Amino acid sequence: MNARAAAASPPPIPRHRLIADTALDLLAERGMRGLTHRAVDEAAGLPQGSTSNLARTRAALLAAAVTRLAEREAAVLAPREMPGAADPEAAAPAALADALALALHRYLSHHRGLLIARYELALEATRRPELREVYDRAGRAFREPVQALLTAAGSPAPERQALALVAWCDGVLFSCVAGQFHAAVPTRDALRTSCAELLDGMLRG
């Protein structure tokens, strides 16, 4: 390989990220039973024992998957795209509805596997206290900004309304990936309208 080709080649993916990403892919494709250290090694094209060297126990492997899940979910909607990123006045309800609709549509259009992996991990967290702690910590990274945005939009009870808004988002995602509405992805306009209606009802009082 000449110097120019080498310079054009992307840098290698760090092994810990490759393992965590592969674990998420396996969760989406095979479910919790299909996630093993050996399966990750094989799917990632790594020598046998590589995953065990990084995450010696199943709990450690699951924690790595949850941590990586949070990183990837945080990248679905870039901070610069959130209301108020450039203009404080942009934190109005209409802008918040548009941002949430954009995030939901991206999930449903391009990250369905990530959502399925999340549901697998959420159920497993109900049985593993150590995973619950990691999962809840990752969840706060989404809930707390939503609460702050509701405050900026004039919410009279941002903590309570953040729960309702996050639950609505989660319900839409689950229904459209694994529930009765899985056959078609809602349009971004439809999601924006529904979210705006919800916010209007919340913030009017």
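Before that, residues are numbered from 1 along each chain as its sequence is written, and side-chain values use heavy atoms, with hydrogens and water left out. Because the model is predicted, local features need pLDDT of at least 70 and side-chain atom pairs count only at pLDDT 80 or more, while totals for chains, interfaces and linings use all residues.

How much space lies in the largest pocket? The computed value is about 960 Å³, where a pocket is an open set of points on a 1 Å grid over the protein atoms alone, taken where a 1.4 Å probe fits and with protein on both sides within 12 Å along at least five of seven lines. Of its 34 lining residues, those closest to the centre are Glu73, Gly139, Ala141, Phe142 and Arg143, and lining here means having an atom within 4 Å of a point. Two or more lining residues come from each of helix 5 (58-74), helix 6 (93-110), helix 8 (129-152) and helix 9 (158-177), helices being DSSP runs of H or I with at least four residues, numbered from the N terminus. Helix 8 gives the most, with 14 residues.

Helix 8 also packs on helix 9: their axes come within 9 Å and cross at roughly 120°, the axes being lines fitted to C-alpha atoms over the stretch in contact, with angles from 0 to 180 degrees between N-to-C directions. That makes helix 8 oblique to helix 9, since angles under 35 degrees count as roughly parallel, over 145 as roughly antiparallel, 65 to 115 as roughly perpendicular and the rest as oblique.

Finally, helix 2 (residues 15-30) and helix 3 (residues 37-44) have axes that come within 9 Å and cross at roughly 105°, which makes helix 2 roughly perpendicular to helix 3. Their contact includes Leu18 and Arg30 of helix 2, together with Ala39 and Val40 of helix 3.

Note on methods:
Points joined across faces, edges and corners; volume = space filled by probe spheres on them. Contact = heavy atoms within 4.5 Å.
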